[in-house]
Amino acid sequence: MLRFQTRKVIVVLLVLLFGCGFALPNLFSPETRKAIEAGAPSWIPRILLPIHAMVLGLDLQGGSHVLLEVDRADLTRSQVTQLRDDVRRIVRDERVSFQGGIVMNPRGVQIRVPDAADRAKLLPKLRELSQPIGTLGAFGPSGNQSIAVTEQPDGLIQLAVTDAGINERVRRAVEQAIEVIRRRIDATGTTEPNIQRQGLDRILVQVPGLQDPQRLKVLLGETAKLEFRLVAEPGATDVDMLPSQDAGGQLVPVARQPIVDGADLIDAQPAFDSRTSQPIVNFRFNIRGAQRFGQITTENLGRALAIVLDNKVISAPVIQSPITGGSGQISGNFTVESVNNLAILLRAGALPAKMTIVEERTVGPGLGADSIHAGKMATVIATILVIIYMIATYGVFGFIASIALLVHVCLILGLMSVLGATMTLPGIAGIVLTIGTAVDSNVLIYERMREEAHMGRSLVSALEAGFQRAFATIIDSNVTMLIAAVALFSLGSGPVRGFAVVFILGILTTVITAVTLTRMLIALWYRWARPKTLPF
């Protein structure tokens, strides 16, 4: 135990050097870190440079907090409208005679088919619209269908969206919305946003460092559903009356069926019109969208083409010539800021459902600075008190444990910096907790040494037995804590996960500092001091 090979000492020192070196950037300003990166030789991997600092959470650096909720009523209306269109298509394809039209209600549609033969032909096709809902756990019942199809004796067929179908649609909408929201926020240049589901139909969005909650609300509150529709001609059917932005809100008849939508966009960038110098958005379609757009504009020269965003007509220019290049521009009464926001929304894609803001708050940077100061003071005070206790109890061995403790804290900060983990106020609490638990391993080792010495063993034998026989106990205690921390990380959210991350890293570094580093320092001390008895 007291013979450490030179190469082992070098490996341990290198690990500690790199670990503590990666913690240093937290003392530098962002400008200093950028200067280090710019001045470093190109052959050095950037991961080896001390330029990565911990990301501070919302509670430490301030920022915006928004809680969104899927508009269940709007999603249900959309689902019923789609159901009506599907029923209309099936009836047309099957050439079925019906009476009274296809009637919509808040939860479904109904159609009256008097002829029994027509009903027998139609019902199997209608039942194909219903999809089985698998096991949803907390999100709804299992084993149900998305649409309930019932037949009345008088020929009335009713199709209703089930609760399970709505819950499944909400669940999928939230999953898709999380990815869209992440793309929108990433496009603003914000780092490390916290975006996660809360319950069935809510999404929590926390953006550290963003002090403009209004812009965040604009980015998150817009569905950004872009469609290109032809302005309807007089007497046309399947028409929607939509308000026009250019006409001061006047309703404009547009075809219900879009020719191209935002799903075919591959790029959207803010720009200025070369003729009018007005802010515009330049867009570009994929191959499918470009072909479709070129075909429609070729066949409808002289007709107005409505550009519809979230069921509002932004502009309705007349098609002067075929647009076959797969690109175009959106103009309107835009400001520079609104054009930038619109470009971000279009690039990120449309939200699958309307989202409403049910809670919002802004954490000021002053409150975050107070939290950081309080956390630093708690960490420093806890460290000092633990060091005093260890030195008073174990003398020079307590001093060695104190050195390992300081290295332990540096390794935690270094690992968090390299991994890009977010430091939150509960994370600081996790560091303070690991300061206490880190020296537990040293206490176990030292007390075992004391017991072995009291049993008559020589000093070298007592030192050896202290590390060997306490090691299994140390591993067992750390593994049990690690299991609890992993459970917190897996099942928790927000502050709980922040605490769990720090605690897990603290447990892993404890084994290195409290066992390996302490053992090496005691071995070096023994070679230098050549003591005859334990120093405590």
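Colleague: How many helices and strands are there in the protein chain?

Modeller: The protein chain holds 14 helices and 19 strands, where helices (H or I, at least four residues) and strands (E, at least two) are DSSP runs numbered from the N terminus. The chain is more spread out than a compact globule, because its radius of gyration is 33 Å, well over the 24 Å that the globule rule gives for 536 residues. That radius is taken over C-alpha atoms, and the globule rule is 2.2 Å times the number of residues to the power 0.38.

Colleague: Before we go on, what should I know about the model?

Modeller: It is a predicted model, with residues numbered from 1 along each chain as its sequence is written. Local features need pLDDT of at least 70 and side-chain atom pairs count only at pLDDT 80 or more, while totals for chains, interfaces and linings use all residues, and side-chain values use heavy atoms, with hydrogens and water left out.

Colleague: Thanks! What does the C-alpha trace span along its principal axes?

Modeller: The trace spans about 105 × 65 × 40 Å.

Colleague: And what share of the residues is buried?

Modeller: Buried residues are 42% of the 536 in the chain; buried means under 20% relative accessible area, exposed over 50%, and partly exposed in between (1.4 Å probe, protein chains only). The accessible surface comes to about 26,800 Å², and carbon and sulfur atoms account for 58% of it. Those areas come from the Shrake-Rupley method with a 1.4 Å probe, and for residues only the protein chains shown count as cover.

Colleague: What about contacts between residues at least 6 apart in sequence?

Modeller: Of those contacts, 69% join residues at least 24 apart, with contact meaning heavy atoms within 4.5 Å.

Colleague: How many charged side chains are there, positive and negative?

Modeller: There are 51 positive and 45 negative side chains, and the centres of the two sets lie 7 Å apart. Lys and Arg count as positive and Asp and Glu as negative, without His and the chain ends; each charge is placed at NZ of Lys, CZ of Arg, CG of Asp or CD of Glu.

Colleague: On to single residues. Where is S402, and what does its side chain reach?

Modeller: S402 lies in helix α11, residues 396-419, and is buried at 5% relative accessible area. Its side chain reaches the backbone oxygen of G398 at 2.8 Å. That is a polar contact, a pair of N or O atoms within 3.5 Å; within protein, one must be able to donate a hydrogen and the other to accept it, and residues adjacent in sequence count only if both atoms are side-chain atoms. Leaving aside neighbours within four places in sequence, S402 is in contact with I387, M390 and I391.

Colleague: And T437, which backbone oxygen lies 3.2 Å from its side chain?

Modeller: That oxygen belongs to T434, and it lies 3.2 Å from a polar atom of the T437 side chain. T437 is in helix α12, residues 425-454, and counts as buried at 18% relative accessibility.

Colleague: Changing topic: what is phi of D310 and of N311?

Modeller: Phi of D310 is near 50°, and phi of N311 is near 60°. Both values are positive in residues other than glycine. Most residues other than glycine have a negative phi.

Colleague: Where do D310 and N311 lie?

Modeller: D310 lies in the loop between β15 (305-309) and β16 (312-315), and N311 lies in the loop between β15 and β16. D310 is partly exposed at 22% relative accessible area, and N311 is partly exposed at 46%.

Colleague: Last one: is V96 buried or exposed?

Modeller: V96 is buried, at 8% relative accessibility. V96 is found in the loop between α4 (72-94) and β3. Not counting residues up to four places away in sequence, V96 touches V91, V113, D118, K121 and L122.

Colleague: How far apart in space are D212 and V96?

Modeller: They are 57 Å apart, C-alpha to C-alpha, and 116 residues apart in sequence. D212 is in the loop between β8 (202-208) and α7 (213-221), and is partly exposed at 35% relative accessible area.
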